[in-house]
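Hello,

Here is the structure I promised to pass on to you. Have a look at it first, and then read on for what turned up.

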Amino acid sequence: MKLILGSASPRRKDLLAQLGVVPDAILPPDIDEDPKPRELPRPYCARLAREKAQAVSADPDDIVLCADTTVALGRRILGKPADAGEAAAFLTLLGGRRHQVITAVAVRRGARLWSREVVTDVKMKRLSDVELNGYLASGEWQGKAGGYAIQGLAGAFIPWISGSFTGVVGLPVAETAALLAAAGYPLYGETA
Ligand SMILES: Cc1cn([C@H]2C[C@H](O)[C@@H](COP(=O)(O)OP(=O)(O)OP(=O)(O)O)O2)c(=O)[nH]c1=O
């Protein structure tokens, strides 16, 4: 049995390491991340995590771990901004409001799949022009759902969350540990 992390995200590798888990291989899947018409954020996020897990090729006994993080403003899905202009638009929408960060985790072993979604409420303060421009110049928005990363400079914009900090960063470690255990991964070194 091998553990395959199906993710290009360095955050996910680091959060797994927090659990003492080092993947045997990292095989990022390449799937279409476009939402379907009228698709809501939570089902969208869950679908993407499952599709990522199905897209990684693995031996029947291997465990594949994938996740997706989606920022939701009401029914609206804010993905990874294409450019600084879109990041500015997202941050302007998010500032002064509460939004949700959903991370869906999917673990697959052969034909069996275990998955969970973790929803965290996040409050972002309204950003001044200096804060917004400084953040855009940092480049930290790149590759981040909603155009920000709580674990970096944008932490200064977030006075309050309710839910899972590691979920916002990209991999909720408590739920991930439970899913890995369900799939038979020896998390605490135990042998089957
Ligand atoms: C909201 C938020 C998101 N993010 C990141 C986590 C994810 O890497 C990214 C959302 O994009 P995802 O599509 O979930 O993941 P990814 O494209 O980085 O990697 P892969 O699909 O290969 O697993 O946003 C943060 O790092 N901090 C945050 O505060």
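Let me start with strand β3, which contributes five residues to the lining of the largest pocket, the most of any element. Please keep in mind that this is a predicted model.

The largest pocket holds about 650 Å³ of space. Its lining is made up of 36 residues, and those nearest the centre are Arg 12, Asp 68, Thr 69, Lys 80 and Gly 143. Besides β3 (63–73), the elements that each supply at least two lining residues are α1 (10–18), α2 (41–55) and α5 (165–169). Sorted by class, the lining of this pocket has 18 nonpolar residues, nine polar and nine charged.

The other thing to look at is a pair of helices. Helix α3 (residues 84–94) packs against helix α4 (residues 129–138) at an angle of about 140 degrees, and their axes are 10 Å apart. Because of that angle, α3 counts as oblique to α4. The crossing of α3 past α4 is right-handed. On the α3 side, the contact is made by Ala 84, Ala 87, Ala 88, Leu 91 and Thr 92, while α4 brings Leu 132, Tyr 135 and Leu 136. By class, this contact between α3 and α4 has seven nonpolar residues, one polar and no charged ones.

Methods
Residues are numbered from 1 along each chain as its sequence is written. This is a predicted model: local features need pLDDT of at least 70, side-chain atom pairs count only at pLDDT 80 or more; totals for chains, interfaces and linings use all residues. Side-chain values use heavy atoms; hydrogens and water are left out. On a 1 Å grid over the protein atoms alone, a cavity is a set of points where a 1.4 Å probe fits but cannot get out, and a pocket is an open set with protein on both sides within 12 Å along at least five of seven lines; lining residues have an atom within 4 Å of a point. Grid points are joined across faces, edges and corners, and a volume is the space filled by probe spheres set on the points. Helices (H or I, at least four residues) and strands (E, at least two) are DSSP runs, numbered from the N terminus. Ala, Val, Leu, Ile, Met, Phe, Trp, Tyr, Cys and Pro count as nonpolar, Asp, Glu, Lys and Arg as charged, and the others, Gly among them, as polar. Axes are lines fitted to C-alpha atoms, for helices over the stretch in contact, and angles run from 0 to 180 degrees between N-to-C directions. Angles under 35 degrees count as roughly parallel, over 145 as roughly antiparallel, 65 to 115 as roughly perpendicular and the rest as oblique. A crossing is left-handed if the near helix is turned anticlockwise from the far one by less than a right angle, and right-handed if clockwise. Contact means heavy atoms within 4.5 Å.
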